[in-house]
Amino acid sequence: MEVEEIERLIRISKERPLMPETYIPWQLEPATDDIFLPETLTSLQGLEIYGTLTPKQKLELGRHELVQVITSYAWGECLFCLFMTRHILTLPLDNVEHRFLLRELIEEFRHQEMFGQAIAKLGGSPIQQTGIHKFLGEFSNKYLPADYLFMGSVSVELVTDIYGNHARKSPNIYPVLKKMFDLHNIEEARHILFTKSLLKTYAAKAGYIKRTLYSYVILGNILFVRTMYVKPEIYERIGLENPDKVYKIAAKNFKQKFAEKCLDDIIDFVNEWKGFNRATRWAWRWLLGAKV
Ligand SMILES: [Fe+2]
Ligand SMILES: [Fe+2]
C-alpha cells in the first residue's frame, strides 16, 4: 500500500473517531419486538426443532448466541492486540506501518470495551473458550511469525464483518447492537484494507509451500471462530431437553449456514494469491464445507 494511502487511513482514524460511549444509544432498552441476532444466523433455524420453540425461546437463543459471538470477537481482538504490541516494537516509531498499527490498537481496545459493555447490557453470561481454543489461540499468538498472524487476523476480520453486516441490516435488531455493528464495520473496513494490502506483498513473494501454509492458517482461524459460537449450554439455558443431542445437529446445521453466508469474501481473498491447490482444497471442502 502506498504511504499516502496509509496516511489517509491514519487521518480518518484521528479526525473521525467513533467513540462507543457516545455513538451507541446505551440508554435504550430493547423494544418488545426487537431481536438480538437475525434468526437465520442462529444455530437452530432451518432445523425441525426450531419450529417447536416458543417466541420467547427463539429470542433467548438469539441473545445467548449473540453474546457468544461478541465474546469470541473480544477475545480474538485481545489476542491480536498482544501480537501487534510485540510487532510494532520491531518497527521505528516514525514508520507509517507502526503509526497505523497504533491507531488500530487504539480502536481494537475500544471495541473490546464496547463488546464487554454490550454483553453487560444484554445481561449475558458468556461461556468460556474450551481448553483447546485457549491453547491454540495463545500458542499460535506467541510462536507464529507475523505474516501468518496477519493472515489469521484478516480472515477473522473478514468473516466477522460479514456476520456483523447480516446483523446490522436485519430490520428489527436491537438498536444498541445495530450501532455497535455499524461502528465495528466502519473501523474494521480500514483494518481490512491495510492488512489485505500488506498481505498481498507477502503472498506475492510466497511459493507453493508458503501459500499452502497461509491457506491452512486461514482455514484454521475460520474453523476456530466458527466452533466458538454454538454451545450445548445454551440449549440447556433455553429449556431444551437433551442439549447434547441438540448440539450435534445444531453444529452441523451451523457449519452449512456459515459456509453459505460467511465465506465468500475470504474465498475471494485466498483465490487472489492462489491459496487453493491440491493440498488445501480438500480440507476447505471437508472442514468448512466451502465450495472451492
Ligand atoms: Fe475490532
Ligand atoms: Fe480490526
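This note comments on selected helices and loop residues of a predicted model.

1. Conventions. Residues are numbered from 1 along each chain as its sequence is written, and chains are lettered from A and ligands numbered from 1 in the order in which they are written. Because the model is predicted, local features need pLDDT of at least 70 and side-chain atom pairs count only at pLDDT 80 or more, while totals for chains, interfaces and linings use all residues.

2. Helix α1. Helices are DSSP runs (H or I, at least four residues), numbered from the N terminus. Helix α1 covers residues 3–15, and its 13 residues reach 18 Å from the first C-alpha to the last, close to the 18 Å expected at 1.5 Å a residue. The expected span is 1.5 Å times one less than the number of residues.

3. A residue is buried if 20 or more other C-beta atoms, placed from the backbone, lie within 10 Å of its own, exposed if 12 or fewer, and partly exposed in between. In α1 the buried residues are I6, L9 and S13. Seen down the helix axis, these fall within an arc of 55 degrees, so they line one face of α1; the arc is that of the directions from the helix axis to the C-beta atoms. V3, E4, E7, R11, K14 and E15 are exposed on the other side. The cover over the buried residues includes α4 (96–121) and α7 (175–205), with contact defined as C-beta atoms within 7 Å.

4. Helices α8 and α12. Helix α8 (residues 208–226) packs against helix α12 (residues 281–288) at an angle of about 5 degrees, with the axes 11 Å apart. Axes are lines fitted to C-alpha atoms over the stretch in contact, and angles run from 0 to 180 degrees between N-to-C directions. The two helices α8 and α12 are therefore roughly parallel, a term for angles under 35 degrees. L219, I222 and L223 of α8 meet A283, W284, L287 and L288 of α12. These contact residues divide into seven nonpolar, no polar and no charged. Ala, Val, Leu, Ile, Met, Phe, Trp, Tyr, Cys and Pro count as nonpolar.

5. Loop residues with positive phi. N242, in the loop between α9 (232–237) and α10 (243–262), has phi near 50 degrees. N242 is exposed, with 11 other C-beta atoms within 10 Å. K274 lies in the loop between α11 (264–272) and α12 and has phi near 55 degrees. K274 is partly exposed, with 13 C-beta neighbours inside 10 Å.

Note on methods:
Two residues are in contact if their C-beta atoms, placed from the backbone, lie within 7 Å. Angles under 35 degrees count as roughly parallel, over 145 as roughly antiparallel, 65 to 115 as roughly perpendicular and the rest as oblique.
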